[in-house]
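Subject: Handing over a structure

Hi,

Here is the structure I promised to pass on to you. Could you open it and keep it beside you while you read my notes below?

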Amino acid sequence: MLKEFKKFAMKGNVLDLAIGVVIGAAFGKIVSSLVEDIIMPLVGSLVGKVDFSNLYINLSGQHFNSLQEAKTAGVATINYGVFLNNIINFLIISFSIFIVVRQFNKIKDMAVKKEEKTPTSKKCPYCCSEIPIEAVRCPKCTSELIESVVAE
């Protein structure tokens, strides 16, 4: 069992996945900071100086000036402002991943198109067999290829 685990753990895909998770976690922290420290304060000031992370519904009936005060008192709250921050976080991360995947697909498509543009064979107009692109005579039917003669 230990040998099987070592074989599994040493595969390239597992290492790639581990690297992806670590980079994803770091990227998530950056995006969280972007949302909480830059975007949400700007949105809050545009909406009317509202701090979204401080928006909550108090379920106890007591009055508290902030979410932190309610949490310190141990009161049950519905923290919809934090939820809004997390939704914006998710949208930014999803959009960023979409942009990266889109660019990767464009590069991959360009490579495929480049390969398609350089043919290595052509069809003989007489016997319809595949022959090398440089051929001036078909090796199957021995016909002289007119377009090659004209091109020279």
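Before the notes begin, one convention: helices here are DSSP runs of H or I with at least four residues, and they are numbered from the N terminus. Please also keep in mind that this is a predicted model.

**Overall layout**

The chain is split into three parts: domain 1 covers 1–47, domain 2 covers 51–118 and domain 3 covers 120–151. Between the C-alpha centres of domain 1 and domain 3 there are 55 Å.

G81 belongs to helix α4, and G81 is buried because its relative accessible area of 0% falls under 20%. From G81 to T120 the sequence distance is 39 residues, while the C-alpha atoms are 61 Å apart in space.

**The largest pocket**

Which residues line the largest pocket? They are G20, I23, G24, F27, G28, I93, S96, I97, V100 and V101. Two elements, α2 (12–47) and α4 (80–117), each give two or more residues to this lining. In terms of domains, domain 1 and domain 2 each supply at least three of the lining residues.

The volume of the largest pocket comes to about 160 Å³. Sorted by class, its lining holds six nonpolar residues, four polar ones and no charged ones.

L34 sits in helix α2 and is partly exposed, with 33% relative accessible area. The C-alpha atoms of L34 and N89 are 8.5 Å apart, although 55 residues separate the two along the chain.

F95 and I38 are 57 residues apart in sequence, and their C-alpha atoms are 17 Å apart.

**An aromatic pair**

F95 comes up again here. How many aromatic pairs does a search of the whole structure find? The search gives one. The pair consists of F95 and F98, whose ring centres are 6.3 Å apart. Their planes meet at 35°, so the pair counts as tilted; the tilted class begins where stacked ends, as planes under 30 degrees apart would be stacked.

Both residues of the pair belong to helix α4, three residues apart, or about one turn of the helix. F95 is exposed at 53% relative accessibility. F98, at 47%, is partly exposed, because the exposed class needs a value over 50%.

**Cysteines in domain 3**

The structure has zero disulfides. For C138, the closest cysteine sulfur is that of C127, at 3.6 Å, which is too far for a bond, because a disulfide needs the two sulfur atoms within 2.5 Å. For C141, the closest cysteine sulfur is in C138, at 3.7 Å, and this is again too far for a bond.

C138 and C141 also fall into separate accessibility classes. C138 is buried, with 2% relative accessible area, whereas C141 is partly exposed at 28%.

K140 is found in the loop that runs between β4 (130–132) and α5 (146–151). K140 is exposed, with a relative accessible area of 61%.

**Backbone angles to check**

C128 has phi near 60°; C128 is placed in the loop between β3 (121–123) and β4, and it counts as exposed at 52% relative accessibility. T142 also has phi near 60°, and T142 is located in the loop between β4 and α5.

Happy browsing, and do write back with any questions.

Best wishes

How values were computed:
Residues numbered from 1 in each chain as written. Predicted model: local features only at pLDDT ≥ 70, side-chain atom pairs only at ≥ 80, totals over all residues. Heavy atoms only, no water. Domains from an automatic or database assignment. Buried < 20%, exposed > 50% of the residue type's maximum accessible area, 1.4 Å probe, protein only. 1 Å grid on protein atoms, 1.4 Å probe; cavity = no way out; pocket = protein on both sides within 12 Å on 5 of 7 lines; lining within 4 Å. Points joined across faces, edges and corners; volume = space filled by probe spheres on them. Nonpolar A, V, L, I, M, F, W, Y, C, P; charged D, E, K, R; others polar. Phe/Tyr/Trp six-rings, centres within 6.5 Å; stacked < 30°, edge-to-face > 60°.
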